[in-house]
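Visitor: Please take me through one part of this model in detail. I would like a single residue first, then its surroundings.

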Amino acid sequence: MGKDGSVTNEDNVSNFECQTCGMRYARKDHLIRHQQNHSNINYECEHCGFTTKRKDVLTKHMKRKHDVKKNVQKEDDIQPPRKRQRIEDVDQLPEERVRNAREKRSLTTTALNDGVENIQLQPSNNEERYDLMLFFKEKQVDIVQILEDRLLRNNIKFYMSVHVRMIKYSPDGKYDEAEPHFNSKVSTILQSGASEIPHELNKGFQKVFISFEEFIKNGSGWQLEEVLQLDLCVTKYKPLKGGSYLELPTSLKRSNCILNIQNLDNKCFLWTVLSSMHNFQQKSRKCRELCSIC
């Protein structure tokens, strides 16, 4: 490491130490990114109070968030950093705007004659926007209520997909962004098992976090920049069950390996088992012929 605290190519790649605070890192780019925290230069967004050590990050932030192409402060006009302000905190809005703000963060779309439903849940404030764990905690009650409401009408299957924005800084001062989705597994809940909703929901959250940790582990350099939304997909579920007699297709009839008892009730499985146990030789039997052996 140079005398001015900068990183050189001669450093040991397995042990990089910050000369300012003593923090150690296994990768050079991690140390370079950390050293920016000790810089006296801060760039602040005049629209929302967002602060950063990098001028290019502020330029991209203002273009993406505020549709401003070039509006970066000069170093002489830099103000002391301050915390991010809440953009649209529902709790701080006037009463007449609370309902509208909440509606904007929940959008429902349906398909297949309302058999498939997709509910989009968005962060309610900046605390949820920048903290994935808090976002899940705050939305859990809403998701449980949605699933309980759908379960009153039908058995259901559901899964969750979390959409986030990730950012990764490189040693040359540039950065990359990605917007991956992290999905849970599909869960099935019957109307008789409404008490299983919290358990299935926790399993889904754990699956999402495992996928998220896989994305950022092993020194990948990716870090969470923003939670965009959570998609909750709910479908009606009707389990298959036995029914009355149905004529077999010709190809199956000719196979001579399927029992298909002619019955007028919903006990086709019972008649088939009886026919198999008593080794009836005829290809087609009627259930009344089996009653004599019951």
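Guide: Start at Leu230. Leaving out residues up to four places away in sequence, Leu230 touches Ile119, Gln120, Leu121, Phe135, Phe136, Ile143, Met160, Ser161 and Val162. Contact means heavy atoms within 4.5 Å. This is a predicted model: local features need pLDDT of at least 70, side-chain atom pairs count only at pLDDT 80 or more, and totals for chains, interfaces and linings use all residues. Residues are numbered from 1 along each chain as its sequence is written, and side-chain values use heavy atoms, without hydrogens and water.

Leu230 belongs to the largest nonpolar core, which has 29 residues. Such a core is a set of buried Ala, Val, Leu, Ile, Met, Phe, Trp, Tyr and Cys residues joined through side-chain atoms within 4.5 Å. Buried means under 20% relative accessible area, with a 1.4 Å probe and protein chains only. Leu230 is among the residues with the most contacts inside this core, as are Leu132, Phe136, Ile143, Leu147 and Leu232. S6, H5 (132-151), S7 (155-169), H6 (197-216) and S11 each give two or more residues. Helices (H or I, at least four residues) and strands (E, at least two) are DSSP runs, numbered from the N terminus. H5 gives the largest share, eight residues. Another core lies apart, with eleven residues, including Tyr43, Cys45, Val57 and Val68.

Now the strands. S6 (residues 116-121) has five of its six residues buried. S6 and S11 (residues 222-237) run antiparallel, joined by six bridges; strands pair if DSSP finds at least two bridges between them. Glu117 has Val234 as its bridge partner in S11.

Definitions and conventions. Buried < 20%, exposed > 50% of the residue type's maximum accessible area, 1.4 Å probe, protein only.
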